[in-house]
Every structure is written in C-alpha cells, then in structure tokens.
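Student: I've got a model open and would like to learn how to read its sheets, helices and chain contacts. Can we go through it together?

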Protein chains: 2
Amino acid sequence: MEANSDVGVTAEILATGEEIRTGALVDSNSGTIAEQLELVGVKVVRLNGVGDELNRLTAILKEIGSRANVCVVTGGLGPTVDDLSARAAADAAGVGLHPDPAALASIEDFFRRRNRPMNPSIHKQALLPIGAEVLFNPVGTAPGFQLRIGRCGFFFLPGVPFEMKRMLADHVLPRIERMLGGFREVRRIKTLSCFGLTESLTGERLDGLGEQFPGVQLGLRARFPEIQVKLYASGADEARVAEALDQAAGWVRGRLGDLVFSDSGEPMEAVVGRLMRERNASLAVAESCTGGLVSHWLTEVAGSSDYFRLAAVTYANDVKTSVLGVSEETLARCGAVHADIARDMAEGVRRLAGATYGIATSGIAGPAGGSAEKPVGTVCIGLAAPGQALGYRFQFNYGRRSMNKQMFAMKALDVLRRELLGLAHTS
Amino acid sequence: MEANSDVGVTAEILATGEEIRTGALVDSNSGTIAEQLELVGVKVVRLNGVGDELNRLTAILKEIGSRANVCVVTGGLGPTVDDLSARAAADAAGVGLHPDPAALASIEDFFRRRNRPMNPSIHKQALLPIGAEVLFNPVGTAPGFQLRIGRCGFFFLPGVPFEMKRMLADHVLPRIERMLGGFREVRRIKTLSCFGLTESLTGERLDGLGEQFPGVQLGLRARFPEIQVKLYASGADEARVAEALDQAAGWVRGRLGDLVFSDSGEPMEAVVGRLMRERNASLAVAESCTGGLVSHWLTEVAGSSDYFRLAAVTYANDVKTSVLGVSEETLARCGAVHADIARDMAEGVRRLAGATYGIATSGIAGPAGGSAEKPVGTVCIGLAAPGQALGYRFQFNYGRRSMNKQMFAMKALDVLRRELLGLAHTS
C-alpha cells in the first residue's frame, strides 16, 4: 500500500457470493455499510467483492487482515454448501471450526419463536471459528460473528439486506464506537445543490477552493439534472470543522450565486414545496412533454397535498383545448411547442384548479418529433401567477428521452422557484 | 493469490469515486459489467472499489495489473480535479500523460454536434497516458481509453451508467471477444419479468428448478416492484444452450403463470403500451395517490403519444369533482379512498379524454393520512373500459412513501394489463 496518510481507523468492506461476482445481484450492502461507518468516523478505504470460492475467500480475508483495522463481510453464512464464510475465516485466522453453543442457542431460539421445524442443515450455521464471538441475528436464522484476522477486526454478517442492516446497527456500530473510544475524529459533509450548469462548468467556477480552504475537500456529484457540490472536512474539534465547512460553503455560494437552490440536500421539489407553504400558496401543473414527471416529483414530498392541487398531463392536442381551454386557433397558428401555448396551458390549469400558481411544459423529448425549427430538446415553459402569465423557450438535448424529460421538468420547477424568490430567469 | 484453478481469461472490475467509497452512491456499474463479461465467457473473479485518492488508485491498478487478464474501471474520467483515472493509470504503467489528438477530436465532435460551447477544463479529458488507445464516447464528453498495466488489459470507462453501458457494448466487449478468439463458450441469459410476489415467495415457487435443469442457473433480481427471474446457461453449442433456457423458461412460466408479464425484459409500461397499440385503443389516467407516476412511466415509452391522451392528477378532492365529475355526495359518503371513487375517477377521465380505457388510483401513500379503517398502504384502483367500470381495493405497505407510490402505480398498470389480456385479477 503506497497511501498511508490516513490517521485513525481505516475500514474495508467485503461482499461475498456468486450472485455478487457474476452481477446477478447488485450489491447494495456495501454502500449501506460504507455510509454507516463513515458516519461514526471510520474511513472506508476500499470495497471488495468475491464469489463463493474457498481459496479466494481465504486469501482475500488474509489480505484485508494485513491492511485494514476493521472489515465488515456480508454473505456466506447460510446453511448450504456454498456458504463458506466461517470455513474461510477459520482458515485465514489459522484456527479450527467448532459448534458454538451460543450460536446454536440463537438459532434454536429463532425457530422456537416462529414455531418452525429445524432441519439438520441449519446446525451448520452454528459452526464458527474457534475464538469467534457470535453476533445474534434477531431477524433471521444465520448468526454472524466477530473474529480477529491479522491486525484487523472482522465482522461477518448475513447478505440479506434487512438482516444485515439490523445486525450492523445492533452489533457492529456499537462495538466499533467502543473500539474508537476517545480516538474519534469528527467528519462532516455539507451539500450544496445546484441547477443550471454542467458538472464541468460547476467545477471550473470552483477552481481555487482547495487553495482557499486547505482543510476542505471538494466533491462534485452529478444527480442529473442536479449537481451536488459536496464539501468534506474532518478534524478533532467539532466547532472548527463546522466553521471551516461554513466558510467554504459561503465561498461556493459566492461563486455559484442563485444556481444553488439548497444547502441542506433538499431536492428541488422540496424547495419549491417549502416556498409554496411559506407563502400559503397553491400550485397546479399542466404537462405535455414531461408526461407527469413534474407532478410525480412534487408529490414525492410528504405533505405536498397541502399546496399541490392538480396536474393535467395533456398529451393530445385536443385535450389541451378541451381540458385547459387553450385556443384551437393559437394551437393551429403556433403549434403545440410554443411559449404562448405553454403560457396559456399554465394559465388554463391555474384557473381550472383555482390555484395561486400554474406552471406548464410543452416540448419535444424525442427521439422522434423534432424539426429544423423545433428540434428535439426544445421546451417551452409557462408560468402563471396572480396578475401575470409568461412563456419561455429553452433548448437542451441530452440524446435520451428520459434525460430530456428530467431536464425539462427541473427547468419548470426552477422557473417557479425563481419567480417565488424574485430572482432573474436564466437561459 | 492462492486460488489459481481458473483456465481462460479472468477479469476484475474496479469502481472509483468518493461517492462509491463513502456509500453516497450504490455502485450498479460493477454488476452490469460483471454480467456482460460473464456473458462473453470471461470469468469475473473479483470486484474492487476505491475513492478519489491518487496513491490508492495507482496502487490498486498495479495490484490488479499483476493479477488479472482484463479489468474494467469506471469513473474518474471527468474534467474536474478529483477525476484522477488517467493520471493514476499513467503512474501505474510508468508512462507520462499527453494530449491525445483522437480524444480531443472526439470531445470537439461531441460539442459541435450539440452546438454547445467548449470550456477549457474540458480539454483535461483529452489528457491520456502515452500508449493508451482512446475509446470514443458517443453519448458524453469524457472519452475512455484502453491501456496495458502489468499483464492486464485495462478499459477505463465513465461512471455515468448509460455512458458506461454504451461504451462497454461498443468498445470493450468486441475487443475482449477478439482477444478470446476461438476460445469461447456460449453464455446466454433469459429474463422473465414478474409482478405480484415478493422475491422470497418467487424463489420458493421456483424450488426444484436446479434439479430439473442442472445446466441452468437461477438468479432473482428485485427491481422493485418488479422481480426479474434470470436464467443463465452456458456451453459449447449455441443451439443446445438456447434449448435448455427455453425449456427452463417454460417450466418457470408453469410455476408463475400470468405473474410473468414479459419474457423480453420490457418494463410493464411498454407491455401495456404494446397491448394498447395492438388494439388500436387509447388511454387516459386519473391519479391521486400515485401523483403522476403512472403517467410518467407511460410516457417514458417513445411513441406513447399514439395511445396516451390525458392524465389528470387530481390531488385535491374538489378537483376530483370539478375536473373528473366525481360526485360530491359519493366523496362525502365514502371518502376519497374508496373503490367506487376510483371507479368514478377512471370513468370520468375516460369520458373527459374521449379514450377507450381509463385507469385511476386513489389511496394513502403515507407517511401520514392513514386511519384504522384505511391504513397507510391502502390503494383503490379504478378501471373503465367500453361498457363497464370497476373499482378494486388493495393493501400494501412498504413503509416508504415512494415505494408505496411505485407499488400502487404498478398495480394500476397490471390491472389494465389483465383487463386487456382477459386475465383474472389478483388480490
């Protein structure tokens, strides 16, 4: 290992199983574990995955045992012949296997409480490496265990996500926090959510952050069409870490201005929802090209029924007229993808719903339907507010229908956010 | 490495990025790559993940270079300072970086075709290790590259899943197949998409598949709320592999019946769309608790404007009346979450849109709004067809608003699918 600049405890994670190795199953466990370990101040430096092969499994356990302080292993604790974790752990630690009385009691207890018969293969699960400490599984049959291999404390957990999560919380995190004792480092992350620039343009605007704030690390995470600017800092003193992050966040805001729509990780629809609630206002949406996505996002927010009244996804032109009252004559003259149509849709749905605000989308998500004058990626957005209605036209194209829909929907919400905050509109 | 029983080509996969290391993002790329490599007959023996730290990244590239024949790396190709893959690859291979003319041309072409201005940081993406072969990226700005490090051929791809998938198919798999030459085994996967059982119940129904079809491996993949049954087979003879899979798929269909909605990997909304198209029928949707998700899914299908006319997301009760014509008296008597209301919403939106079919949802997605009689997870689904309108009530609860919305929306589409195919409805 060349990199050895880490102070404190470093951890690795190992996912095992043929379904992981072959990609039949996406390993979500490792991400869950990494997030939880980072939160208690343990730096996860490496993720690993191998199949159910005894030699490989034993070898990688030894390898990690020579490198890390802590390792959480998932999978391979079940009753079948390809469940090899206990065997491999014993081999790697150079000890034998024995039937663990506490593990056996835990398994018998599980079956007794559920009134289920126990078949003999279940007893295999009580065979643990000598010297291992059993970790009870309150929600499944396979107990886990803790064992030192080399310089590293290993925690072996089941691969079933909800069993793993429960045992991580009940057994692993408390033991790790005890291990850390006074030795803990504070780690904090601050997330600024932005919309309106690509990842690379966002990165360019933030050039120089590293020199200004040497203790703060920058990460950009594209959650299309949103860009998250993540600021990471760590240290012994909580107040100083928080102060460093606050100062860096202020600097980022200075560079990105009102492209930042949240500094608490809220998605755009929650920001808009909060603004509606603060103003005691209500909202109606008319969608064409976004096909219901604006409405779907808005209603992901719990409590959105307090301000969200209606969305009309008027995909066919004649329902734009019959439901929203858009004029047939304007439709014939301008076509459906036009700023005036978007404006009239927004006004129409606002009136229909009796809402304070109306927003509307009409555009061409593709792959078909574009023309020279209105290519795929054209979107018109309408905004109706008390006393005024406006239409805008924008052009994006990400080459995929679903990405275009997301971009269009986000832009519509951003137009509304800017209106509610009295900000200038961006192109 | 103790295990060295593998013949043929062995591969590893490396996912990079702080969001992978810290668990902020679940790495789905590695599973996708593993599956595709296994399909062309390359055995994936190990998965790896590290963050954006130059030393660690360089070290792990050297390590894999001493172990594997093939490695696919994802992430770290972007324009920002924390995109380190090219630098680390050059260091690991002991070569320098240079601006690659082919890479630069590819990036410029991308921007030209989209009429977007190029900012200077973009040029960083054309800095490749000397001796690397550029891999064009037709759907994004960051080109990939191929480079030998140690005994291993590395393929560096972007971390954005759809860019990665496209480049894997276009560049990596053909090159690997050429490498393998005549050495190949045929591997095939068959996917049956199911809805209506949990993963574990689906697995129980398929108990015995292994004994019946010893050459076929079973994998279950939960893509909530859909379960994919994956059948894997391999062998020297293509026709025999295909036959084994077909027979196993027939057996699975026998066990799961009409819970299987696709045997070609189509999502539910595409299946429903195909059925609408075949019948020359049109569709309108009224949504309450699903908040636009049914409509959003339906319009993810390109060409859906041929049959999809209107969705009315009537979140407020009074717009159920004013827009859909649901009787105020019925609403007052039954409450909004009732099979009769769902039925009347479906009929109302069908009439409003002049569509052949109408479907509707009304329920309680949570977290608030439940009662003893109608707990969170209650959903009523309405179906209006020529000559009849019906309402159903179901109960699910997954403890999360967004999961409940997905389950409700899928159930509504499945009710329509069953109607269109003349199948019995399930509870």
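**Reading strands, helices and contacts**

Tutor: Start with one residue: the bridge partner of A:R187 in β11(A) is A:S234. This is a predicted model, where local features need pLDDT of at least 70, side-chain atom pairs count only at pLDDT 80 or more, and totals for chains, interfaces and linings use all residues. Residues are numbered from 1 along each chain as its sequence is written, with chains lettered from A and ligands numbered from 1 in written order.

Student: Over how many bridges do β9 and β11 of chain A pair?

Tutor: Strands pair through backbone hydrogen bonds, parallel or antiparallel. Here β9 (residues 186-194) and β11 (residues 226-235) of chain A pair in the antiparallel sense over 9 bridges; pairing takes at least two DSSP bridges. Another partner couple is A:T191 with A:K230 of β11(A). (Strands are DSSP runs of E, at least two residues, and helices runs of H or I, at least four, numbered from the N terminus.)

Student: What does β10(A) do with β11(A)?

Tutor: β10(A) pairs with β11(A) over 7 bridges, antiparallel. A hairpin through 2 residues joins β10(A) to β11(A), and A:R223 stands opposite A:E226 in β11(A).

Student: In which order do the strands form the open sheet?

Tutor: In chain A, 4 strands form an open sheet in the order β10-β11-β9-β12, with antiparallel pairing. Its edge strands, β10 (217-223) and β12 (260-262) of chain A, each pair on one side only. On average, neighbouring strands of this sheet are turned by 35° against each other, direction ignored.

Student: At what angle do α10 and α15 of chain A cross?

Tutor: Two packed helices are described by the angle and distance between their axes. The axes of α10 (residues 268-278) and α15 (residues 401-421) of chain A come within 10 Å and cross at roughly 30°. (Axes are lines fitted to C-alpha atoms, for helices over the stretch in contact, with angles from 0 to 180 degrees between N-to-C directions.) That makes α10(A) roughly parallel to α15(A); the label covers angles under 35 degrees, with over 145 roughly antiparallel, 65 to 115 roughly perpendicular and the rest oblique. Among the residues making the contact are A:V272 and A:L275 of α10(A) and A:L413 and A:L416 of α15(A) (contact means C-beta atoms, placed from the backbone, within 7 Å).

Student: How many residues does the contact take from chain A and from chain B?

Tutor: 69 residues from chain A and 71 residues from chain B. Also, 3 bridges join β2 (residues 43-50) of chain A to β2 (residues 43-50) of chain B, running antiparallel. There, A:N48 has B:N48 as its bridge partner in β2(B).

Definitions and conventions: Two residues are in contact if their C-beta atoms, placed from the backbone, lie within 7 Å.
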